[in-house]
Amino acid sequence: MGIKNSTKGYLAQSVRTNGKLVLLVLLGILVAGIGVSLVGIIPEHRALVSVIISDIPAKVTTLLIPIILILKTKDYAEWILANPNVDVTKKGFINGMYLEGFLASLLGLVALAIIWVVAHFISPEIVDMNEGIGVIGGALGIAWGMIGLVYSLQFTKLGEISEGAILFAIGFFVPFGVVVAIQQIFHALELSLAFIAGVPALVGILVLVVSRPVAVIWQERVDL
């Protein structure tokens with residue numbers, strides 16, 4: 001079976017398995033975000049809504065679905081056992097996980113856009129786009145770095161400690177710390193939004209791209 005078809009097979013099965021949960025999460029985020037936006041109708045609450053709506057939804061929509069998918073991840077042997085009718089190679093499996101995580105990090109941006117549009121119509125000054133774009137860039141950097149670290153380091157001893165809890169903690173907090181440090185330095189240097197949003201995202205995508213072939217090599221060495 002070709003790698004492309006194998007990857008497509010993994011993604012199609014993942015949609016069947018996780019699609020409803022993902023849609024429910026997106027709907028929940030959308031409803032909560034719009035609910036917060038509507039509070040902005042009250043003038044005295046508008047400043048607080050502006051702080052919340054430009055920050056929290058961007059982080060949640062970008063990070064929550066990849067985190068859920070990572071926590072539901074099975075190793076190759078477990079996945080094949082759970083999906084015996086789907087023909088997926090080891091390389092296709094790893095490629096599918098990486099592509100799934102990448103797409104999941106972008107999927108929530110649709111909900112975020114709707115939330116921000118609703119907030120804008122309530123009051124144009126509620127959404128601080130500069131702040132929001134900066135948060136999106138940082139959140140994508142964390143998401144992509146997390147995916148790369150967790151999926152490549154799962155084959156090390158870290159993946160065996162506390163059923164992978166230590167691995168997940170490292171996979172999340174290391175990218176988080178790096179992104180926060182980068183953005184704080186750039187803010188202090190008063191660099192442009194392109195640096196504040198773009199560099200963390202670039203670092204994250206580099207981790208994602210570099211770790212994928214490493215994960216493929218390590219997976220190929222693991223016996224079923």
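I started with Ser14, which is buried, with a relative accessible area of 9%. My cut-offs for that scale are under 20% relative accessible area for buried, over 50% for exposed and anything in between for partly exposed, with a 1.4 Å probe and protein chains only.

Before going on, I note that this is a predicted model, where local features need pLDDT of at least 70, side-chain atom pairs count only at pLDDT 80 or more, and totals for chains, interfaces and linings use all residues. Residues are numbered from 1 along each chain as its sequence is written, and side-chain values use heavy atoms, with hydrogens and water left out.

**Entry: Ser14 again.** I find Ser14 in helix 1 (residues 3–39). Helices here are DSSP runs (H or I, at least four residues; strands would be E, at least two), numbered from the N terminus. Not counting residues up to four places away in sequence, Ser14 touches Gly19 and Glu100. Contact stands for heavy atoms within 4.5 Å.

Entry: Which of them is buried, and which exposed? Ile53 is buried at 1% relative accessible area, whereas Val51 is exposed at 58%. With neighbours within four places in sequence left aside, Ile53 has contacts with Gly33, Val36, Ser37, Ile115, Trp116, Ala119, Ile126 and Val127.

**Entry: salt bridges.** How many salt bridges does the structure hold? I get 2, counting a side-chain nitrogen of Lys or Arg within 4 Å of a carboxyl oxygen of Asp or Glu. One of them joins the side chains of Glu125 and Arg46 at 3.9 Å, N to O. That pair ties together distant parts of the chain, 79 residues apart: Glu125 sits in the loop between helix 5 (90–122) and helix 6 (129–153), and Arg46 in helix 2 (residues 46–53). Glu125 is exposed, at 52% relative accessible area.

I then looked at Asp55 and Lys59, whose side chains meet in a salt bridge at 3.2 Å, N to O. Asp55 counts as buried because its relative accessible area is 19%, and Lys59 as partly exposed because its own is 40%.

**Entry: second largest pocket.** Asp55 and Lys59 turn up again here. I put the volume of the second largest pocket at about 350 Å³. Of its 18 lining residues, those closest to the centre are Asp55, Lys59, Gly134, Val135 and Gln183.

For the method, I note a 1 Å grid over the protein atoms alone: a pocket is an open set of points where a 1.4 Å probe fits, with protein on both sides within 12 Å along at least five of seven lines, and lining residues have an atom within 4 Å of a point. Points are joined across faces, edges and corners, and the volume is the space filled by probe spheres set on them.

Which helix gives the largest share of the lining? It is helix 6, with 7 residues. Helix 3 (56–71), helix 6, helix 7 (165–188) and helix 8 (193–220) each supply at least two. By class I read 9 nonpolar, 6 polar and 3 charged residues in the lining. For these classes, Ala, Val, Leu, Ile, Met, Phe, Trp, Tyr, Cys and Pro are nonpolar, Asp, Glu, Lys and Arg are charged, and the others, Gly among them, are polar.

**Entry: Ala139.** Also in helix 6, I looked up Ala139, which is buried at 3% relative accessibility. Beyond its neighbours within four places in sequence, Ala139 is in contact with Ala58, Lys59, Thr62 and Leu63.

**Entry: aromatic rings.** I pair rings of Phe, Tyr and Trp (its six-membered ring) if their centres lie within 6.5 Å, calling planes under 30 degrees apart stacked, over 60 edge-to-face and the rest tilted. The count comes to 9 aromatic pairs. Among them, Phe172 and Phe173 are edge-to-face, at 5.1 Å centre to centre and 85° between the planes. Phe172 is buried at 17% relative accessibility, but Phe173 is exposed at 53%. Elsewhere, ring pairs join Tyr10, Tyr76, Trp79 and Phe93 into a cluster.

Entry: Most residues other than glycine have a negative phi. Glu190 is not a glycine, yet I read a positive phi of about 55° for it. Glu190 is in the loop between helix 7 and helix 8 and is exposed, at 71% relative accessibility.
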